[in-house]
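Thanks for coming, everyone. Let me put the structure up and walk you through it.

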Amino acid sequence: MLSVCERSADMSTRLAKQGRLIDRTKQIVFTFNGRSMLGYPGDTLASALLANDQMLVGRSFKYHRPRGLVASGSEEPNALVGLGAGERFEPNQRATTTELFEGLAAQSQNHWPSLEFDVGILNSKLFSRVLTAGFYYKMFIHPKPFWKHVYEPFIRQSAGLGKAPDKELKDADTYEHFYFFADVVIVGGGVAGLQAAKTAAASGAKVLLMEQNAHWGGRAPVDGGTIDGMEAEAWVTKTLDELRAMENVTLRDRMMGAGVYDHGYLLGYERLTDHDPSKGGPRHRLWRIRTKQIITACGAIERPLSFAGNDVPGVMLASAMRDYVVNWGVTPGKRVVVATNNDDAYRTALILQKAGVEIACILDARRLGGGALAAEARAAGIRVEDGRAIAKVADGKRVTKVAICLQDGDGQSIEEIAADAVAMSGGWSPVVHLWSHCGGKLTWDDTQAHFRPDPTRAPISHDGKAFVVTAGTSSGPLELSAVLTDAAQAGATAAQGAGFPAQTADPASAETMPETPMEPVWLMPANADIQHRMKSWLDYQNDVKVSDVQLAAREGFESVEHTKRYTTLGMATDQGKLSNINGLAILADTLGSEIPQVGTTTFRPPYHPISMGAIGGEARGDVFQPLRKTPMYDWHDTNGADWEPVGHWRRPFTFLRDGETVQEAVNREVKNTRENLGLLDASTLGKLVVKGPDAGKFLDMMYTNMMSNLKIGKCRYGLMCSENGFLMDDGVVARVDDDTWLCHTTTGGADRIHAHMEEWLQTEWWDMQVYVANVTEQFAQIAVVGPNARKVLEKLGGMDVSKEALPFMEWRDGDIGGFKARAYRISFSGELSYEIAVAASEGQAFWDALMEAGKEFGVMPYGTEGLHILRAEKGFIMIGDETDGTVIPQDLGLNWALSKKKDDYLGKRAHLRSHMADPDRWKLVGLETVDGSVLPDGAYAVGNGVNGNGQKNTIGRVTSTYFSSNLNRGIAMGLVKQGPKRMGEVISFPGTDGKIYEAKIVDPVFYDKDGEKQNV
Amino acid sequence: MLILECPYCGVHAEETELQAGGEAHLKRFGPGSSDEDFHDYLFMRENPKGVHFERWRHVNGCGKWFHAARCTVTLEVFGTYTAQTGTPPQALLDEISTKRPGWTWREFTDASAPHAGAEDAS
């Protein structure tokens, strides 16, 4: 016999009394989807929305089902909103952890065109049979052409939670990092955390206690019970006062323990101004903490029950419902059904009833029902039904009626009850995340039906000892006096672990109502049919249902990690805080296995999403990373430098003059250097001094060439290979004196090659007596290049720079124009060229002197692009262009630089490996387009035939390509299969622009093949 | 983030100060070596679940390379020692034997373990 009793005024509302966290003397105005609403200081956005009867807070991700608040804390899966606007817009913020402030503006997510009316709800009706577990994998494989035009647009439109901030805008807030060291850090400021902190601090240890919420005490002030003979809240206040008075204790609220990492590293995420943006200062602070011991006192999270319609707005965790009543004085409904498998949910019924909310019925799934709390409920006149379950909550934008059935049955409705809210409790799971982050193992507790930390398998620190201890409900116990005893023990254990004398202070004594054991209920009712299971949600945020996990198990996804990925269970931003255990239980049941055998998925930091701003901290904009500047940086900047990042350096790409394009400026510089005089700031080139009795022997191992026989005063171009034989750097080496060499490296290579040398010296040839010093920044180095190079130096006066006194590939110390200088006669352009090093402090003055004296010789500075073109015209290779970590000297025609006299050098053995000697290797050639145009950079040459994927075979690629203003045509270098044997052949390079570029294979030296210009 | 004590400067260096350098105690094979030896030297590495010997450099500190003996499962550090040696110090090997009886890593092994160096009696 069905009895339906109709009621009208379904609504969530503010109660006349209650609300220990709110201040009713002041009102706050905020908006939700543009609608103005009122709240109180102390409200969260969630409690304020409930007070305004805004039960519907969002649409679900896949089916766009209407969703309401389920929880009251950070585990909330549904109430994700976009907060703020413009430069301060942030998606996916939890309404339950967002403290209300004047002017707060929130928007709901995942709906179109509006929250109230959403077109996507059709997904639920039309596609719910299709959008099952693994539907991406099944749907989007065939036919292939559908991917680009049908599947991809569909997925892109429906994928992602919330809306990304405008990419053109920069976050207007600031963030910072903070370093902290402690002996014991306690995460969680509930009664367990407070007790543990008190015990640990009494030992004298330096203690940090953090609480993620704005208020202390956790659940105890809501759940009741007395501690040391006083109300929980009074005990919390007293204990806080005691801790605040201790010099060795630091307390921080609004700070979450985000992650536990190796050897006592802990991240704390402090939210400084989210609750009051008018405050100014950094918004979030990331605490980078090193501690000897960590106590996790993170409490437990209540589990939902899996019944049909458990996602209808108004269905809420029982504990959350009493939080809303006690903490904020709001009720989600006027007539509530409570469904439970444990005694704790009776507290919700009793608290609600006391607050004037009608309890329609308590459905206790246990056949024999509850204990003392159940008796109290009955005595209070509440209807309590044992062995009963929810068959179904009717679909809609909020709860209207609840069908009741036997828990042991298949969902046959025996009664329908009108109600506007449902409180559910499936038992409690300890928050084990931080325990597990760094390897702490779990054990299954049959009595409580939950995983709890196994203290015998704790995370291990550097000394092989445990460094994480759990306290309170995080350890497993739920009853208050057991919680406090466990917490005091945890405080003592941690203090001892940190090296402080054991202080087993008496834990506070507590009194609560005794409880009858819970009974696991993984499906409600136990034998629910498919129609019910298809409406029983496990993961609200990712829309995963009981039927999805069962399907995955049937399809062979037996490992919990596979099922997780196949169904996306627990993969949303809440990381399955509510869904994981329920999902595991369904999987275990379907597999006919036990839950502990199925195990859990891996818990990874952060516990709760933290802002990208906090991760970045101060490192953004100009201080993102250090900028290296040469001594002439400012001159370049005021003389038109078009900056190019080269490692951490900034180098002028070219110097722009009035109205010039970059290409015009480059053409001008290149031409002028060949015809008159160019100056290049070469200060960034690496300069390593290698000194000691064995320096020559050492360099013979480092370079492929012989360096030990280099004469003092002479220079030699050298190649460096890795032990694998690949070219890693090049540069000119100068012999300074008997036991000193100066090695030039590439700009990007200075630190890397310095480290490379140190590594071999320290770890392989530690008997060699050699020092390496990186003196790159000690010198300003200027390349004076062009037919007039000698003239300008002679005009400045000083040392003899004539052909006879300073021949090509030699160097001299001396005086130039009054500057103490070292002049190298080396050339990377093929021109008459001197590279002159002066002290860094004199770099700008020397540059000025050269510019002044060079006026009559047509001096112009040139940038890195000019440098590149000048070297490419000469066929000189560039590390990083012609090399990519797979290229050997032989590929580049540099066999002449591989010493045959030496028994050994790095790379020598590797060059004998079969693939290195393969005649089909791609080798360096010059490339000239048939029509004189510029080849696209990185383009591949195609040959005959196709590969296994039906793509044309490639036979080479472009490594450097430029327009040469001296030759008035495009020039390029490339690596081509058997290239040097194919001179004159024309090969094709398909461009990404759809054109085919035809280029002739030529000698890579395009300009002054005989080197007459540099030997003058 | 690991903390390793630099055996040169004594600093308890955090991982951000350190550079990982892969497996320790590699024997270099150069010209004259067989293809197989050279291949193994370049590419073959231990990947143990348990005791491991590694190279680290105190790169944002004193700049020195050193060796660390570490458990890859628990992250316990058995000790650090100079890079200028072909074998770990005996005291360290003994300590590892105490903590991980029966351990073995390449040619290093628990000398006290019953199977170590035992002749096959059959």
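This is a predicted model: local features need pLDDT of at least 70, side-chain atom pairs count only at pLDDT 80 or more; totals for chains, interfaces and linings use all residues.

Residues are numbered from 1 along each chain as its sequence is written, and chains are lettered from A and ligands numbered from 1 in the order in which they are written.

Now the elements. Helices (H or I, at least four residues) and strands (E, at least two) are DSSP runs, numbered from the N terminus. Two strands pair if DSSP finds at least two bridges between them.

First, the sheet. In chain A, six strands make an open, mixed sheet, ordered β43-β44-β45-β42-β36-β46. β43 (811-816) and β46 (859-861) of chain A are the edge strands; each has a single partner strand, so one side of each lacks a neighbour in the sheet. From one strand to the next, the twist averages 25°. β43(A) and β44(A), residues 819-824, run antiparallel and share six bridges. One residue pair to look at: Asp815(A) has Lys820(A) in β44(A) as its bridge partner.

Two helices belong in this picture. Contact here puts two C-beta atoms, placed from the backbone, within 7 Å. For angles, axes are lines fitted to C-alpha atoms, for helices over the stretch in contact, and values run from 0 to 180 degrees between N-to-C directions. α24(A), residues 843-854, lies across β36, β42, β44, β45 and β46 of chain A. Its direction is at about 15° to β42(A). α23(A), residues 789-796, packs on the sheet too, and makes about 125° with β42(A).

Next, helix pairs. α8(A) (318-328) and α9(A) (344-354) pack at about 30°, axes 8 Å apart. That makes the two helices α8(A) and α9(A) roughly parallel; the cut-offs are under 35 degrees for roughly parallel, over 145 for roughly antiparallel, 65 to 115 for roughly perpendicular, and oblique for the rest. Their crossing, α8(A) with α9(A), is left-handed. Left-handed means the near helix is turned anticlockwise from the far one by less than a right angle; clockwise is right-handed. Among the residues in contact are Met321(A) and Val325(A) of α8(A), and Ile351(A) and Leu352(A) of α9(A).

The second pair is α5(A) (191-202) and α12(A) (480-497). Their axes come within 7 Å and cross at roughly 40°. That makes α5(A) oblique to α12(A). This crossing of α5(A) and α12(A) is right-handed. The contact residues divide into 13 nonpolar, three polar and one charged. Nonpolar is Ala, Val, Leu, Ile, Met, Phe, Trp, Tyr, Cys and Pro; charged is Asp, Glu, Lys and Arg; the others, Gly among them, are polar.

Buried means 20 or more other C-beta atoms within 10 Å of the residue's own, exposed 12 or fewer, partly exposed in between, with C-beta atoms placed from the backbone. Thr568(A) follows α15(A), with a positive phi near 70°.

Finally, chain B. It has two helices and eight strands, in the order β-β-β-α-β-β-β-α-β-β from the N terminus. Of its 122 residues, 25% are buried. The contact takes 19 residues from chain A and 21 from chain B. On the side of chain A, α22(A), residues 750-763, gives the largest share, four residues.
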